[in-house]
Amino acid sequence: KVFLDRLRRVTAFNEKPLTTGISAIGLCLAGGSGNFAVQACLNLEATLQMCRFDVVDMIPLSRQNYDFKLPVLRLTGEWLAAKPVSDTP
């Protein structure tokens with residue numbers, strides 16, 4: 001969180017920050033009942049967009065759905081790693 005807060009401040013005053021055109025996927029792992037994972041995703045997505053990332057997906061996780069979503073997360077990570085970075089925003 002501290003890293004993203006500082007990155008948000010740096011990108012706010014830059015016309016074309018280094019994050020422009022970089023895809024991002026947000027993972028929000030909530031403890032306990034997992035009820036706040038969705039709210040955490042909304043907050044993280046807003047922050048990533050302020051940092052000018054290309055937000056591809058936001059994935060709420062909890063201990064109840066972790067095992068179910070793990071294979072999809074692996075495939076998504078492989079796709080994201082293979083995706084070329086665009087030269088233009």
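Let's start with burial: a residue is called buried under 20% relative accessible area, exposed over 50%, and partly exposed in between, using a 1.4 Å probe and protein chains only. Arg52, at 30% relative accessibility, counts as partly exposed. Keep in mind that this is a predicted model, where local features need pLDDT of at least 70, side-chain atom pairs count only at pLDDT 80 or more, and totals for chains, interfaces and linings use all residues. Residues are numbered from 1 along each chain as its sequence is written, and side-chain values use heavy atoms, with hydrogens and water left out.

How far can you trust the model? The score to look at is pLDDT, the predictor's confidence in each residue, from 0 to 100. The protein has a mean pLDDT of 83, with 94% of its residues at 70 or more. Confidence is lowest in H1, at a mean of 85, and highest in H2, at 90. Those labels come from DSSP runs numbered from the N terminus: helices are H or I runs of at least four residues, and strands are E runs of at least two.

Which residues of H2 are buried? They are Ala37, Cys41, Leu44, Thr47 and Leu48.

Take Leu48 as an example: leaving aside neighbours within four places in sequence, Leu48 is in contact with Leu4, Ala24, Phe53, Val55 and Met58.

A nonpolar core is a set of buried Ala, Val, Leu, Ile, Met, Phe, Trp, Tyr and Cys residues joined through side-chain atoms within 4.5 Å. The largest one has 11 residues: Leu4, Leu7, Ala24, Cys28, Cys41, Leu44, Leu48, Cys51, Phe53, Val55 and Met58. H1, S1, H2 and S2 each supply at least two residues of this core, and H2 gives the most, with 3 residues.

Now for the cysteines. How many disulfides are there? With a disulfide taken as a pair of cysteine sulfur atoms within 2.5 Å, the count is 0. Cys28 is in no disulfide, and the nearest cysteine sulfur, that of Cys41, is 3.3 Å away. Cys41 is likewise in no disulfide, its nearest cysteine sulfur being that of Cys28, 3.3 Å away. Cys28 is buried, with a relative accessible area of 6%, and Cys41 is buried too, with a relative accessible area of 6%.

Next, the end of H2. Arg52 follows H2 and lies in the loop between H2 and S2. Its phi is positive, about 70 degrees, although Arg52 is not a glycine. Most residues other than glycine have a negative phi. One residue touching Arg52 is Thr11, which also contacts Pro17, Thr19, Met50 and Cys51, not counting residues up to four places away in sequence. Thr11 is in helix H1 and counts as buried at 3% relative accessibility. Thr11 and Met50 are 39 residues apart along the chain, yet their C-alpha atoms are separated by 7.8 Å.

Ser23 belongs to strand S1 and is buried, at 15% relative accessibility. Leaving out residues up to four places away in sequence, Ser23 touches Asp54, Val56, Leu80 and Lys83. Ser33 is in the loop between S1 and H2 and counts as partly exposed at 43% relative accessibility. Apart from neighbours within four places in sequence, Ser33 is in contact with Arg63 and Gln64. Ser33 and Leu48 are 15 residues apart along the chain, and their C-alpha atoms are separated by 25 Å.

Key:
Contact means heavy atoms within 4.5 Å.
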